[in-house]
Amino acid sequence: MSKLVMMLLVVQVVVGSYLFMSVASSNSRSSTARATRLPSLVVFGHSLLGIIAPVWWVAWLLTADKMWVWVTLGSLLASVAGGLVMAARTFGHSDTLHKPAADPADVRVVEKQIPKSVLLGHGLGATALVGLVLVVGLTS
């Protein structure tokens, strides 16, 4: 079970890195989006917690101290909270910002350009990950 959790953590970090770079590229020359509705602090915190969770899990694998399982779970739950905030802002709004512009690209938001299948897969992976870490915590 521990190896499955580690594998899922790595997959989540890889997919999350793709999503983070997509959002971070808004207003760059290579992006057709000029803005994002996602709060910078939430994006950064979500990413940081997602990167740190595998570190806590490796600490558990190396030490077998159950505390690290619960620290990992706490990190994942905090990251999930940020992910839910971003999902609500992504799925709950229109494709454009609400202001007039001469160029339609000036009002396009980057999170609407990310494939929905990637967002849903990342969310389902996070759900499975939280469940697996909880099972490991309760059974070890």
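This is a predicted model: local features need pLDDT of at least 70, side-chain atom pairs count only at pLDDT 80 or more; totals for chains, interfaces and linings use all residues.

Where does alanine 64 lie?

A: Alanine 64 lies in the loop between α2 and α3. Residues are numbered from 1 along each chain as its sequence is written, and side-chain values use heavy atoms, with hydrogens and water left out.

The chain has four helices and zero strands, in the order α-α-α-α. Helices (H or I, at least four residues) and strands (E, at least two) are DSSP runs, numbered from the N terminus.

Now back to our spot. Alanine 64 follows α2 and has a positive phi, near 60 degrees. Alanine 64 is exposed, because its relative accessible area is 64%; exposed means over 50%, buried under 20%, and partly exposed in between (1.4 Å probe, protein chains only). For the chain of 140 residues, 34% count as buried.

The expected span is 1.5 Å times one less than the number of residues in the helix. The buried residues of α2 are Val43, His46, Ser47, Ala53, Pro54, Trp57, Ala59 and Trp60. Among the parts that cover them are α1, α3 and α4.

Serine 75 is buried, since its relative accessible area is 6%. Serine 75 touches Leu49, Ile52, Ala53 and Trp56, leaving out residues up to four places away in sequence. Contact here means heavy atoms within 4.5 Å. Glycine 50 is 25 residues from serine 75 in sequence, yet their C-alpha atoms are 7.5 Å apart in space. Across the chain, 75% of the contacts with a separation of 6 or more join residues 24 or more positions apart.

Another helix to meet is α4. With 24 residues, α4 reaches 35 Å from its first C-alpha to its last, close to the 34 Å expected. Its buried residues include His122, Leu129 and Val133, and the buried residues of α4 pack against α1, α2 and α3.

That packing leads us to the nonpolar cores. A nonpolar core is a set of buried Ala, Val, Leu, Ile, Met, Phe, Trp, Tyr and Cys residues joined through side-chain atoms within 4.5 Å. In soluble globular proteins, nonpolar side chains tend to be buried together. The largest core in this model has 14 residues, and Val5, Leu9, Trp57, Leu76, Leu129 and Val133 have the most contacts inside it. Two or more of its residues come from each of α1, α2, α3 and α4, with the largest share, five residues, from α4. Take valine 5 as an example: beyond its neighbours within four places in sequence, it is in contact with Trp57, Leu129, Leu132, Val133 and Val136. Apart from this core lies another, of seven residues, including Val23 and Met86.

Finally, here is the open space in the model. The largest pocket holds about 820 Å³. On a 1 Å grid over the protein atoms alone, a pocket is an open set of points where a 1.4 Å probe fits, with protein on both sides within 12 Å along at least five of seven lines, and lining residues have an atom within 4 Å of a point. Grid points are joined across faces, edges and corners, and the volume is the space filled by probe spheres set on the points. This pocket is lined by 32 residues, with Leu19, His46, Gly83, Met86 and His122 nearest its centre. α3 gives the most to the lining, nine residues. The lining divides into 19 nonpolar, 12 polar and one charged, where Ala, Val, Leu, Ile, Met, Phe, Trp, Tyr, Cys and Pro count as nonpolar, Asp, Glu, Lys and Arg as charged, and the others, Gly among them, as polar.
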